[in-house]
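Student: I am new to this structure. Can we read it together, one feature at a time?

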Amino acid sequence: MLDPRVVVVTGASSGIGRATALAFARRGDRLVLSSRSPEALGRIADECRALGAVVRVEPVDINDAAAVRALSDTAATVFGRVDVWVNTAAVMAYGTFEELPAEVFDQVVRTDLLGGATVARVALARFRAQGAGVLVLGGSLLSVATAPYMSAYITSKWGLRGLARTLQQETRDAPDIHVCLVDPGGVDTPIYRTAANYTGRIGRPPPPVDRPEKVANAIVKLAERPRRARSVGLANRFVRLGFATMPPVYDVLVGPLMRLGGLSRDPVDANTGNVFAPLAAIEDTAARWGRHWLRPAGAAAAILAATAAAGVVARRRPR
Ligand SMILES: NC(=O)c1ccc[n+]([C@@H]2O[C@H](COP(=O)([O-])OP(=O)(O)OC[C@H]3O[C@@H](n4cnc5c(N)ncnc54)[C@H](OP(=O)(O)O)[C@@H]3O)[C@@H](O)[C@H]2O)c1
């Protein structure tokens, strides 16, 4: 048993947040678990308690600033302090910017960017009062690259990266306060099925697909040894490099690759998913995309894309 800490996880009822709660529970930490859905939170809390963790469940919508402040107060009252705050709460919407209803776009940005900022504001106030604390914000590979059909999510993630970087600069006066960003690639979680969708096809994580436990372990490591940012995903480096160094090639390839690897063949009617309210019945169930073959397929796709890009660049270079 390691030194037990007090860990708040917003977005704990599903996917990466759920795996993170379990990882901290295994470590012996005391947990405050939060998301909008009390039913799903109850299920993950029971799993954490079965591992011996002391758990408090607090259903909160991160778009409600007063409720997020109350969450922080409850954590401090019940457990005395907050050592780590992980925010993995997020929603997603598929569809071109022009197809996406404005209210869906706005709510995704409200939740993923402004909700993340609310959590950061409340967590930092708590850390300042204590003189220490680690905030881990859920970023994405799409905090540093872009792809079609995900404009609201990408707008939010780029904004969150800017916010994280700014907060890192603004907390330089407090050496024991840390702000970290974790940037996963494709991860096998329910977010793809619970996302709002206007493309006609259910989204899926682009290969290579990681298990949420891998990201959770990276988050636990960040809490122990804070870093500005941590990328999780085999193909992240290639995508980042292609996006930053070969924009014209990247823009030619990303649309077809997105339709091939980022959208499934399963049809879906236009719907708002869990953007406005939780879909507790499916959000914490086992995700369905993590097939073993996706790893080699993803690696092969990354290599093919890199080779094609290198070929195009070589052809364009003056002799
Ligand atoms: N899965 C991937 O491939 C992937 C890749 C890169 C980055 N990420 C990032 O990793 C993080 C976790 O994603 P995930 O895939 O684990 O998603 P997920 O399985 O859908 O989990 C999202 C969590 O956020 C909660 N949530 C949504 N809206 C909320 C709100 N307004 N207030 C409070 N909680 C809210 C959900 O619970 P309720 O519905 O009960 O509120 C759920 O617990 C996100 O930041 C995501 O952008 C994921």
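Student: What should I keep in mind before starting?

Tutor: This is a predicted model.

Student: How many residues surround the ligand, and which are the closest?

Tutor: The ligand is surrounded by 34 residues. Gly15, Arg36, Ser37, Gly138 and Pro278 are the closest.

Student: What is the make-up of that shell by class?

Tutor: Sort the residues by class and count. The shell has 18 polar, 13 nonpolar and 3 charged residues.

Student: Which helices and strands each supply at least two residues of the shell?

Tutor: Four elements do: helix H1 (15-27), helix H4 (102-130), strand S8 (186-187) and helix H6 (191-194). H1 gives the most, with 3 residues.

Student: What does H1 reach from its first C-alpha to its last?

Tutor: H1 has 13 residues and reaches 19 Å. That is close to the 18 Å expected at 1.5 Å a residue. After H1 comes Gly28, whose phi is positive, near 95°.

Student: Why is H1 described as largely enclosed by the rest of the structure?

Tutor: Count neighbours. A residue is buried if 20 or more other C-beta atoms lie within 10 Å of its own. In H1, 11 of the 13 residues are buried, so the helix is largely enclosed by the rest of the structure. Among them are Gly15, Arg18, Leu22 and Phe24.

Student: How do I read the packing of two helices? Take H1 and H2.

Tutor: Look at the distance between the axes, then the angle. For H1 and helix H2 (residues 38-50), the axes are 9 Å apart and the angle is about 20°. That makes H1 roughly parallel to H2. Their crossing is right-handed.

Student: And where does H7 stand relative to H1?

Tutor: The axes of H1 and helix H7 (residues 212-224) come within 8 Å and cross at roughly 55°. H1 is therefore oblique to H7. H1 passes H7 in a right-handed crossing.

Student: Let us finish with one residue. Where is Ala117?

Tutor: Ala117 sits in helix H4. Count its neighbours too. Ala117 has 18 other C-beta atoms within 10 Å, so it is partly exposed. Leu137 is 20 residues from Ala117 along the chain, and their C-alpha atoms are separated by 9.5 Å.

Note on methods:
Residues are numbered from 1 along each chain as its sequence is written. This is a predicted model: local features need pLDDT of at least 70, side-chain atom pairs count only at pLDDT 80 or more; totals for chains, interfaces and linings use all residues. A residue is near a molecule or strand if its C-beta atom, placed from the backbone, lies within 6 Å of it. Ala, Val, Leu, Ile, Met, Phe, Trp, Tyr, Cys and Pro count as nonpolar, Asp, Glu, Lys and Arg as charged, and the others, Gly among them, as polar. The expected span of a helix is 1.5 Å times one less than its number of residues. A residue is buried if 20 or more other C-beta atoms lie within 10 Å of its own, exposed if 12 or fewer, and partly exposed in between; C-beta atoms are placed from the backbone. Axes are lines fitted to C-alpha atoms, for helices over the stretch in contact, and angles run from 0 to 180 degrees between N-to-C directions. Angles under 35 degrees count as roughly parallel, over 145 as roughly antiparallel, 65 to 115 as roughly perpendicular and the rest as oblique. A crossing is left-handed if the near helix is turned anticlockwise from the far one by less than a right angle, and right-handed if clockwise.
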